[in-house]
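Here is a short briefing on one protein chain. The points below are grouped by topic.

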Amino acid sequence: MIPGVTSMGDSKEFLQRGGSQPRALPFRLLRLLTLFLLLGVGLFAFSIYLTRHFALQGMRIHARSSILACVEARQSMPSLEQWIQPPPTALHGLSDEELLWRASFSPQLEYPFQRTPKIAFMFLTRGPLPLAPLWEKFCQGNEGLYSIYVHTLPSYKANFSIESVFYARQIPSKLSEWGQMSMCDAERRLLANALLDISNEWFVLLSESCIPLHNFSIVYRYLSRSRYSFIGSVDDPGPYGRGRYDQRMLPEVRIEQWRKGSQWFEVNRKLAINIIKDKVYYLKFQKFCKPHCYVDEHYFPTLLTIESPHLLANRSLTWVDWSRGGAHPASFGRSDVTEAFLKRILEGHTCPYNNKNSTICHLFARKFAPSALDPLLRYSLTLLGFG
């Protein structure tokens with residue numbers, strides 16, 4: 001046998017032992033590939049299942065979140081009760097321009113809820129309210145029928161207890177000077193703040209020296225039944241009336257429309273809105289009612305006489321004594337406040353009220369010094385009817 005050459009027998013043995021190797025190797029690869037294929041298909045199917053599962057879970061969570069968000073949004077939406085609630089305090093961050101704009105809103109339809117009208121007592125003062133204890137007695141037991149607003153010097157910070165009717169009633173204020181347009185600005189500021197409470201219907205301007213002359217029930221009934229607002233509006237031909245008129249106010253204000261009246265007024269909601277919305281007459285008075293025009297005596301009476309003369313009673317509800325002469329009315333201290341003095345204010349007067357005669361002509365009085373507080377408190381129950 002030639003070396004290196006396999007015999008036929010050896011070839012047959014070789015084929016029997018190893019001839020299957022070339023066929024076995026592809027078969028194992030095929031099985032391995034099939035296993036990987038099945039594993040891949042399984043993983044693919046499992047991943048699809050997980051994707052669908054988590055997608056459905058996400059959709060359910062999103063749906064629940066959306067529903068909860070809708071419920072929460074619905075719950076947080078302002079209800080009618082929230083719209084008609086007055087501001088919790090008199091403080092806010094509005095500028096004068098923003099305040100006047102916001103306060104000028106007025107319902108054009110009847111109120112769709114039961115509304116209890118209130119009196120807004122607006123105090124224009126430099127600082128302290130020395131007669132506050134008397135007003136505390138006056139307001140006692142009449143919660144829900146009044147609101148209080150206090151305009152002071154910007155630097156003054158009131159320090160009333162939480163039980164006081166004056167607590168947190170100080171509005172954002174600016175400097176106001178007697179006889180200047182800044183005084184009318186302060187009064188408009190008080191009106192605008194009071195108008196933010198939709199229940200305020202009657203607006204009374206008072207000073208720190210004012211006192212109530214009757215109990216709250218009489219005052220409330222008197223204002224609520226009146227057909228008119230109480231602001232003096234006199235055509236005074238003398239030097240302190242028409243003598244202060246400036247021809248440059250034409251054509252908006254003619255001399256025959258020029259009026260004079262007391263600074264201390266009471267107006268209803270309609271007239272209060274007219275006052276704060278005014279720009280035409282305001283600009284005329286701002287430019288031409290100075291330096292000795294005393295704009296606070298002329299602006300409101302003239303404005304309201306031009307726009308709503310039929311709604312004015314043409315008198316003030318605040319009693320003052322001008323008998324001593326001078327630029328300011330008489331002031332009264334401890335020794336002045338006697339039973340006879342108070343009866344003189346309360347009795348012996350007759351005036352028109354709803355086109356009929358009335359013996360109640362004044363609801364308030366001024367000017368009372370801080371020293372008058374003690375005797376006023378003593379007489380509050382017996383003569384003034386409260387306390």
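Why is helix α8 (residues 269-277) largely enclosed by the rest of the structure? Seven of its nine residues are buried, so the rest of the structure largely encloses α8. Buried here means under 20% relative accessible area, exposed means over 50%, and partly exposed lies in between (1.4 Å probe, protein chains only).

This is a predicted model, in which local features need pLDDT of at least 70, side-chain atom pairs count only at pLDDT 80 or more, and totals for chains, interfaces and linings use all residues. Residues are numbered from 1 along each chain as its sequence is written, and side-chain values use heavy atoms, with hydrogens and water left out.

**Overall make-up**

- The protein chain has twelve helices and nine strands. Helices (H or I, at least four residues) and strands (E, at least two) are DSSP runs, numbered from the N terminus.
- The chain holds 387 residues, and 42% of them count as buried.
- Take the contacts between residues at least 6 apart in sequence: 81% join residues at least 24 apart. Contact means heavy atoms within 4.5 Å.

**Helix α8**

- The buried residues of α8 are Arg269, Leu271, Ala272, Ile273, Asn274, Ile275 and Ile276.
- They pack against the helices α4 (96-103), α6 (181-195) and α10 (299-307). They also pack against the strands β3 (200-207) and β5 (266-268).

**Nonpolar cores**

- The largest nonpolar core has 49 residues. Such a core is a set of buried Ala, Val, Leu, Ile, Met, Phe, Trp, Tyr and Cys residues joined through side-chain atoms within 4.5 Å.
- Phe121 and Phe368 touch the most other members of this core.
- Apart from it lies another core, of 46 residues, which includes Met183, Cys184, Ala192 and Ile231.
- Beyond four places in sequence, Phe121 touches Trp135, Phe138, Tyr146, Ser147, Ile148, Tyr149, Val204, Leu206, Phe216 and Phe364.

**Largest pocket**

- About 990 Å³ of space lies in the largest pocket. The lining numbers 40 residues, and the closest to the pocket centre are Trp178, Gln263, Trp264, His328 and Arg366.
- A pocket is defined on a 1 Å grid over the protein atoms alone, with a 1.4 Å probe, as an open set of points with protein on both sides within 12 Å along at least five of seven lines; lining residues have an atom within 4 Å of a point. Grid points are joined across faces, edges and corners, and the volume is the space filled by probe spheres set on the points.
- By class, the lining has 14 nonpolar, 15 polar and eleven charged residues. Ala, Val, Leu, Ile, Met, Phe, Trp, Tyr, Cys and Pro count as nonpolar, Asp, Glu, Lys and Arg as charged, and the others, Gly among them, as polar.

**Cysteines**

- The whole structure has two disulfides. The criterion is a pair of cysteine sulfur atoms within 2.5 Å.
- Cys289 and Cys293 form a disulfide with sulfur atoms 1.8 Å apart. This link is left-handed, at -80° about the S-S bond.
- Cys289 is buried because its relative accessible area is 4%. Cys293 is buried too, at 4% relative accessibility.
- Cys351 and Cys361 form a disulfide with sulfur atoms 2.3 Å apart. Their link is left-handed, at -115° about the S-S bond.
- This pair links distant parts of the chain, ten residues apart. Cys351 is in strand β7 (residues 351-353), and Cys361 is in the loop between β8 (356-358) and β9 (364-365).
- Cys351 is buried at 7% relative accessibility, and Cys361 at 6%.
- With the bonded cysteines numbered in sequence order, the pairing is 1-2, 3-4.
- Cys184 is buried, with 0% relative accessible area.

- Trp319 is in strand β6 (residues 318-319) and counts as buried, at 9% relative accessibility.
- Beyond four places in sequence, Trp319 touches Phe332, Phe341, Ile345, His362, Phe364, Ala365 and Arg366.
- Phe288 is in helix α9 (residues 280-288) and is buried at 17% relative accessibility.
- Phe288 and Gln247 are 41 residues apart in sequence, yet 8.8 Å apart in space, C-alpha to C-alpha.
- Leaving aside neighbours within four places in sequence, Phe288 is in contact with Asp246, Arg248 and Met249.
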